[in-house]
Amino acid sequence: MSEAKTLEFRTELKQLLDIIIHSLYSEREVFLRELISNAADALDKLRFEAIARPDLVRGDPDYQIVLRSDQEARTLTISDNGIGMTEEGVIEDLGTIARSGTRAFLEALREADAADRPALIGQFGVGFYSAFMVADEVTVLTRHAAAETAVRWTSSGDGQFQVQEATKEGRGTEITLHLKEDATEFLEEWRLRQIVKKYSDFLEHPVLLEVERKKEGAEDDSETETVRERVNSGKALWLRNPDEITEEEHEEFYKSISHDFQGPARTIPYSAEGTLEYRAMMYLPQKKPFDFYWGEPKGGLQLYVQRVFVLDQCEDLMPLWLRFVKGVVDSSDLPLNISREMLQDSRVVRQIRKGLVNRVLKELEEMIEKDRDAYQRFFEEFGAVLKEGVAQDAEHRERIARLLTFRSTRTDDDETVTLGEYVERMADGQEKIYYLAGENLAALRSSPYLEGLQEKGFEVLLLTDTVDEFAFQSLREFEGKPLQAIDHGDLEDAGEEVEKEKQEQFEGLLTFLRTAIDGLKEVRLSRRLRESAACLVVDEGAASANMERLFAAMGRAGEIPTADRILELNADHPAVQAMQKLYDTDPKDQRVEDYGRLLYDQAVLAEGSKLKDPADLARRINRLIEKTAEA
Ligand code: ADP
Ligand code: MG
């Protein structure tokens, strides 16, 4: 047997090891993920080689990874019967090759403040060398599947490593970690199980844990035997043929990744082949989680790289407006040590995201067309989130708009209409899509703004979600039909232009009221009213009363300009006509102002706002009661 050789690590590896060893590390447990994934890679490589050379696996055909801990020696051993390494391979792979991940890591590290360094290690992951986070000595005994002899690689991470020819019974690699004093937790059975479950549960190769168990039929506990128990389930649902997965299997899997106690409402499998290869298994939940609207919006999918768990809640894989989608993505085109930061700039990730968004939209499109009831159940839960996409995502705006459903003046509360259906059933002469936003359906249904349009048989969408108005302002039009808020502007379509004669007749009253009531931009005769006497409107493009309330509710009242209101009066209404007569007889009559303010207050309530001075209204009403009662 040849002499042991002592070799130096490459410079950047020396730096790296130094940092690993001397940094406080919050998630040291990832070392096991890294070593197990290397073992799994080695098994995959062998399986591939064995297609052409079956002799490589003869006598030992079951691919597996075994974990063994020795309390007394304080060692943890991870072994596999994979491809193994030759001596040159060991020296290259474990000592001299600076992989791109390592280089990127070191660069980031150089730029980071000392305080941020430990966190950085967690983000990058450093493959094999992460073993030195928990071990003060690492021994790798490995034998290539095609070789007769083995090689032993040893290092304590101090800049040097030794290699020596050795013997090993079978093929594969056995990595023994002599654990640091503060790392003995990694000898514990429960801890090892926990880590394997977390990161390697779906790895197809069995990860076995060697444990001492009481011998079957033994009298007392001292009679033990060593057994190997499989820890990972190995069932990577997303890699199987979707047709062969049962509903129960989906339910179990969905629950395990979503922490939902109910099964999914819909299963969305996807696999992409071609330039990029990835598989996804996505789900629509039945109900939104209780904390869905708490704190920062959370979402995203779990990212796996070749079955190994890498990151949770990857928002870069799924836009926020699809944050209700749960599931996993498994890619072969990303490195295992990818960090959240790297995800953001990754072209691969952007392409995956595009594919996934397209797939989910396709599913929803199919659902709304073929199973409207199920779709509506989904939409009641998550529609408001989907609408955010109309506001935020110009690329998918049109497509999402087709997926929205609304209540309207033509539906009852249990029915809905889509924009497509709306346009299809538009009345003769109708050119626009009308909508009114407010707090609740009941109030909207009895709103004065609807009157003129109702008479003409024009349908009006009634919007009650916070996000609706934002979405509509971004959308602007649908199939060439402009979206029109009916509490804005003159609303020409709601009725005939007010005749000149009438205009002149009311001129004096209108001018008087504008000066008498504060904050009014204009007082004019209305085309949109029929039964009601008055309403308040804002100019086209100004923020609506509803929008003002929304910003106020978010504590951001100052962020949108309050639009001056226009008071519209219904010239055909007896109350308005009576006022006009009163004004003509005596413009100084106090009642003109009193009545005018009463109409104004009505209009404030009808737009859903609060009165600035309710006591003032009370006084006016009381004065009125007094006078009428006296008469
Ligand atoms: P990566 O897995 O990203 O290549 P690692 O630092 O985890 O980087 O591993 C470095 C290299 O060492 C691997 O690419 C592989 O060639 C070799 N290696 C590590 N562990 C094993 C193993 N158990 N069996 C065979 N080769 C291994
Ligand atoms: Mg690796």
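This is a predicted model: local features need pLDDT of at least 70, side-chain atom pairs count only at pLDDT 80 or more; totals for chains, interfaces and linings use all residues.
Student: Is Cys535 buried or exposed, and how do you know?

Tutor: Cys535 has 1% relative accessibility. That value is under 20%, so Cys535 is buried as well.

Student: How many disulfides does the model have, and what makes a pair of cysteines count as one?

Tutor: A pair counts when the two cysteine sulfur atoms lie within 2.5 Å. By that rule, the count is zero disulfides.

Student: What makes a group of residues a nonpolar core, and which residues have the most contacts inside the largest one?

Tutor: The members must be buried residues of the listed nonpolar kinds, joined through side-chain atoms within 4.5 Å. The largest core here has 180 residues, and Trp153, Leu177 and Leu386 have the most contacts inside it. Helix 2, residues 30–52, supplies the largest share of this core, with 11 residues.

Student: Which residues does Leu386 touch?

Tutor: With residues up to four places away in sequence left out, Leu386 touches Trp321, Leu322, Phe324, Leu364, Tyr375, Phe378, Phe379, Ile400 and Leu403.

Student: Which residues of helix 16 and helix 18 meet?

Tutor: From helix 16 come Gln505, Phe506, Gly508, Leu509, Phe512 and Leu513, and from helix 18 come Val576, Gln577, Met579, Gln580 and Tyr583. By class, the residues of this contact are seven nonpolar, four polar and no charged.

Student: How do you know what to call the arrangement of helix 16 and helix 19?

Tutor: Their axes come within 10 Å and cross at roughly 75°. Since the range for roughly perpendicular runs from 65 to 115 degrees, helix 16 and helix 19 are therefore roughly perpendicular to each other. In this contact, Leu509, Phe512, Leu513 and Ala516 of helix 16 meet Val592, Glu593, Gly596 and Arg597 of helix 19. The contact of helix 16 with helix 19 has five nonpolar, one polar and two charged residues.

Student: What makes Gly608 partly exposed?

Tutor: The term covers values between 20% and 50%. Gly608 has 31% relative accessibility, so it counts as partly exposed. Gly608 is found in the loop between helix 19 (590–606) and helix 20 (614–630).

Student: How far is Gly608 from Glu439, in sequence and in space?

Tutor: Gly608 and Glu439 are 169 residues apart in sequence, and their C-alpha atoms are 7.6 Å apart in space. Apart from neighbours within four places in sequence, Gly608 is in contact with Glu439 and Arg549.

Student: Where is Ala4, and why is it called partly exposed?

Tutor: Ala4 lies in the segment before strand 1 (5–8). Its relative accessibility of 43% falls between 20% and 50%, so Ala4 is partly exposed. Ala4 touches Val163 and Gln164, not counting residues up to four places away in sequence. The C-alpha atoms of Ala4 and Val163 are separated by 5.7 Å, although these residues are 159 residues apart along the chain.

Student: How do you know whether Gly452 is buried or exposed?

Tutor: Gly452 has 0% relative accessibility, which is under 20%, so Gly452 counts as buried. This residue is found in helix 14 (residues 451–455). Not counting residues up to four places away in sequence, Gly452 touches Ala494, Arg528 and Arg530.

Student: What is the phi of Leu491, and is this residue buried or exposed?

Tutor: Phi of Leu491 is near 50°, a positive value in a residue other than glycine. Leu491 sits in the loop between strand 20 and helix 16. Its relative accessibility of 5% is under 20%, and Leu491 therefore counts as buried.

Note on methods: Residues are numbered from 1 along each chain as its sequence is written. Chains are lettered from A and ligands numbered from 1 in the order in which they are written. Side-chain values use heavy atoms; hydrogens and water are left out. Buried means under 20% relative accessible area, exposed over 50%, partly exposed in between (1.4 Å probe, protein chains only). Helices (H or I, at least four residues) and strands (E, at least two) are DSSP runs, numbered from the N terminus. Contact means heavy atoms within 4.5 Å. Ala, Val, Leu, Ile, Met, Phe, Trp, Tyr, Cys and Pro count as nonpolar, Asp, Glu, Lys and Arg as charged, and the others, Gly among them, as polar. Axes are lines fitted to C-alpha atoms, for helices over the stretch in contact, and angles run from 0 to 180 degrees between N-to-C directions. Angles under 35 degrees count as roughly parallel, over 145 as roughly antiparallel, 65 to 115 as roughly perpendicular and the rest as oblique.
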